[in-house]
Amino acid sequence: MDIDFLILCRLAGAEITLKEDAVEREGGCACGAMRYRLTAPPLIVNACHCRDCQRLTGGAFAVNIWIERRFVEADHARLRSVMLAAGSGKPHEVFSCPDCGTALWSKYHAVPGDTVLLRSGTLDHPEEVEPDAHIFTRSKRPWFALPAGIPAFETMYKIAEVWPEESRARLRRNIAGET
Ligand SMILES: [Zn+2]
Ligand SMILES: [Zn+2]
């Protein structure tokens, strides 16, 4: 075994370690004008089968990364914002690229704190994100079979009953204005 081969093996190992440790994910809109970077892992990832997510994405469901807004690095001031009504009756604010209209994330004003639900299909590597829960399955497409072993809910769940403690603690810190 020559030395070059050994060095290659070490480099390959180092790359795998880095990838596993990386929490920074990048993404952007379809035209490329709006780019973003996530500087923390998701609080939770919801596959949402509600009618709003179906209409907004044109798909069967959206895979939304729920995360504190401050951990989404982007030119927030450039985004176009549209106010819709959420099922709660409170505003559902959708943020899109001003040039191509790709919806990147939403803010539900009924939720305390300052968090957004980012559409994971806009990530550069969306395959790295898997849903932790399926919600609003009452309006899921009949041909889509829910995966075994992933919690599924007819509507929205209660955060206190579903989120891991670490994520609930992060949300508490966010509501307190600390993050
Ligand atoms: Zn764009
Ligand atoms: Zn939804």
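I started with helix 4, whose buried residues pack against strand 4 (62-68) and strand 9 (115-119). I noted the terms: helices (H or I, at least four residues) and strands (E, at least two) are DSSP runs, numbered from the N terminus. Buried means 20 or more other C-beta atoms within 10 Å of the residue's own, exposed means 12 or fewer, partly exposed is in between, and C-beta atoms are placed from the backbone.

A reminder to myself: this is a predicted model, where local features need pLDDT of at least 70, side-chain atom pairs count only at pLDDT 80 or more, and totals for chains, interfaces and linings use all residues. Residues are numbered from 1 along each chain as its sequence is written, while chains are lettered from A and ligands numbered from 1 in the order in which they are written.

Which residues of helix 4 are buried? I found Arg170, Leu171 and Asn174 in that group, within residues 165-175. They sit on the same side of helix 4 because they cover an arc of only 100 degrees around the axis, taken from the directions from the helix axis to the C-beta atoms. On the other side, Glu165 and Ala169 are exposed. Just after helix 4, I saw Gly177 with a positive phi of about 85 degrees.

Next I looked up Phe136, in the loop between strand 10 (133-135) and helix 3 (159-162). Phe136 isn't a glycine, yet its phi is positive, about 55 degrees. Is Phe136 buried or exposed? It counts as buried, because it has 22 C-beta neighbours inside 10 Å.

Methods
Two residues are in contact if their C-beta atoms, placed from the backbone, lie within 7 Å.
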